[in-house]
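Have a look at the sequence and structure, then read on.

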Amino acid sequence: MPRKRMLLLLSLLSLVKFSQEYGSGAPPLACLDQFPRHSDIPAQTSAPPYSIFTSPQVRQGDTLNVTIGSPFGAPTPIGGFILQARTIQDRDKIVGKFVRVPSDMAKISSCRGDNDTVTHTSPEDKPPLSFVWNAPADFLGGIEFRATVAQSYATFWTNVESSLVEVVTPDTVITTSSPPAPSQATTPPAPIMTQNTVKTTQAPLDTIYQGCADTKLCFGVPVNCIQSGNCKAVVAVFVAGDTYTFEIQGIDNPKYVSAGLSTNNKMGDDSAMECVRNDNGRVSLFTSWTYPKVEPYVRRSESPQDIVQLLESSVIDGKLYCKFRRDAVSTVNGQTFDLINEQYYLMVLSGSDMKDADRVGFHNLAYEASGAPYSLATVGAAAPASRLLIKLHGSFMITAWMGATSLGILLARYFKKTWVGKTLGGKDVWFGSHRILMMLTWVLTIIACILIVLEAGGIRMDSIHAITGIITVVLCFIQPIGAYFRPHPGTKRRALFNWIHWFIGNAAHILGIASIFLSVYLVKTDLPSWAVFIMAAYVIFHVITHIVLSLTVCVSEGRISNGRVNSFPMKDMMGQRQVTSVDRSADAP
């Protein structure tokens with residue numbers, strides 16, 4: 001009998017322990033790591049049968065509905081839980097507070113801040129639970145709701161996480177709906193849609209632009225974007241004593257935005273600072289060293305990572321933002337960067353892809369370098385490098401290939417019988433005009449090539465535009481040399497010359513036009529996207545002109561009869577016709 005009493009007493013004590021560990025909510029020690037102290041029982045490793053449902057955005061200071069439930073068919077009951085909101089960047093940082101919970105099944109507690117945690121009040125099975133969470137007024141960026149959910153004392157799952165939630169500024173216009181309803185036995189009510197109206201007051205500038213006129217050195221792309229606050233990429237530097245605080249931001253949902261310090265305004269041998277967005281929405285800060293026009297182009301291993309300290313980061317409305325401090329004096333790849341005593345060119349760039357896990361990709365969204373070195377303690381907007389050489393290069397190429405070449409080809413092909421009996425420089429007018437236009441093309445192309453080589457600091461084959469452009473220049477250079485040594489009309493080799501001259505000329509023309517098209521997509525040209533439609537309209541007009549003139553020539557020469565084309569102007573290239581003083585359709589002498 002005493003033995004039975006002892007066994008009964010031990011059983012009652014174990015039940016008391018069970019109740020203390022699980023029944024009335026998560027123990028205080030579990031609020032940091034969210035791990036229940038259920039003896040030595042490990043968490044389940046399978047996919048949890050629970051999900052956290054909420055909205056993708058919430059304004060600072062506004063409330064948000066959060067629901068824990070089962071995403072599958074039959075609802076899985078909830079035994080116990082602990083739920084918190086944590087920042088994406090620092091997953092140990094708890095933010096916000098809960099303001100309303102189902103009072104009969106959950107309670108609000110405080111872990112690192114007031115009312116920042118909710119947990120269960122009893123071990124009874126519970127249906128999906130909804131809570132109201134209040135976003136902090138002093139935080140911007142990504143957060144996620146994270147929970148540990150127990151089905152029973154011995155069966156629980158940790159790291160049950162919601163999708164990314166962006167805490168945005170109070171003036172952000174968003175459309176929110178109630179969280180997707182988890183499976184329940186009863187039909188859930190229809191979601192309530194709330195449409196926020198656009199405010200008529202002008203939205204304030206982003207934080208990075210505030211102080212650019214009086215307390216910060218700012219540099220952005222495109223030109224003159226600082227004042228309007230619409231830079232594709234921007235860097236700002238604030239100096240207080242020997243503390244150097246940097247901010248960088250890129251728009252259009254970039255994968256990375258980066259700022260660089262350089263001794264010149266060319267890419268290479270620079271100290272770069274990269275703000276990188278991971279696929280899960282987390283933002284990281286890295287430093288790297290760049291190489292001029294050689295692999296690996298950029299490498300993080302050559303730059304110490306401890307020379308920068310990340311202070312803030314966010315991804316809001318497609319804007320990637322980082323705020324960090326950099327050591328006043330640091331050594332990168334053997335080069336000392338003394339921010340106090342030296343001046344540096346500023347670079348800012350952004351891109352939509354990574355080359356690999358440790359290297360940023362091509363800066364296809366934004367790129368610019370300052371036109372002069374600056375002391376980082378300077379206040380105001382830094383001026384970009386001059387684009388004069390780039391503009392002259394583009395102007396000369398457009399004049400050469402869309403103007404002079406196109407007109408010269410049309411004259412040579414369709415106007416041999418025009419201005420009969422008149423000469424220009426001792427030659428038929430069409431031939432003299434053709435020669436002048438083609439020499440103009442040659443001169444403009446060579447000058448444009450020299451200008452862009454000077455701008456780039458050498459010949460670079462780092463884009464399709466550069467490759468097609470170089471081929472165009474080579475073909476353009478050899479074309480007049482071949483024309484100078486052309487055989488006399490009627491000779492045996494004249495036909496071969498005609499075909500080679502025709503092929504090289506048309507190939508150069510096509511590649512030249514293609515190169516101009518490709519330049520629209522280069523960051524340095526800073527051309528609007530609609531420029532490609534203007535050039536497409538030009539190509540269509542040029543093709544239609546060829547068709548109309550070809551038909552006109554055929555009709556005028558009687559080559560179309562009874563609806564059939566009997567011969568083509570291209571036959572003149574065979575060079576076998578008898579040349580007479582009145583045969584103006586023959587080859588030029």
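**Cysteines and a surface patch**

Cys-275 and Cys-322 form a disulfide, with their sulfur atoms 2.0 Å apart. Keep in mind as you read that this is a predicted model. The structure holds four disulfides, and counting bonded cysteines along the chain gives the pattern 1-2, 3-4, 5-6, 7-8.

**The Cys-275 and Cys-322 link**

- This pair links distant parts of the chain, 47 residues apart: Cys-275 is in strand β18 (residues 271-277), and Cys-322 is in strand β22 (residues 319-326).
- The torsion about the S-S bond of Cys-275 and Cys-322 is about 70°, so this disulfide is right-handed.
- Cys-275 is buried because its relative accessible area is 0%, under the 20% cut-off.
- Cys-322 also comes out at 0% relative accessibility and counts as buried.

**The Cys-31 and Cys-111 link**

- Cys-31 is joined to Cys-111 by a disulfide, S to S 2.2 Å.
- Cys-31 lies in helix α2 (residues 30-33), while Cys-111 sits in the loop between β6 (106-109) and β7 (117-120), so the pair ties together parts that are 80 residues apart in sequence.
- The link of Cys-31 and Cys-111 is right-handed, with 65° about the S-S bond.
- Cys-31 is buried, with 14% relative accessible area.

**The Cys-225 and Cys-231 link**

- Cys-225 and Cys-231 are joined by a disulfide, S to S 1.9 Å.
- Here the torsion about the S-S bond is about 95°, so the disulfide of Cys-225 and Cys-231 is right-handed.
- Both Cys-225 and Cys-231 are buried.

- Cys-449 is partly exposed, with a relative accessible area of 25%, whereas Cys-476 counts as buried at 7% relative accessibility.

**A nonpolar patch on the surface**

- Val-474, Phe-477, Ile-478, Ile-481, Tyr-484 and Phe-485 form a nonpolar patch on the surface.
- Together, these residues have about 650 Å² of accessible area.
- Ile-478, one of the patch residues, is placed in helix α5 (residues 464-484).
- Is Ile-478 buried or partly exposed? At 37% relative accessibility, Ile-478 counts as partly exposed.

Note on methods
Residues numbered from 1 in each chain as written. Predicted model: local features only at pLDDT ≥ 70, side-chain atom pairs only at ≥ 80, totals over all residues. Heavy atoms only, no water. Patch = residues over 30% accessible without salt bridge, like charges linked within 9 Å, V, L, I, M, F, W, Y side chains within 5 Å. Areas by Shrake-Rupley, 256 points an atom, 1.4 Å probe, with all protein chains shown as cover. Salt bridge = Lys/Arg side-chain N within 4 Å of Asp/Glu carboxyl O. Helix = DSSP H or I, 4+ residues; strand = E, 2+ residues; numbered from the N terminus. Buried < 20%, exposed > 50% of the residue type's maximum accessible area, 1.4 Å probe, protein only. Disulfide = S-S within 2.5 Å.
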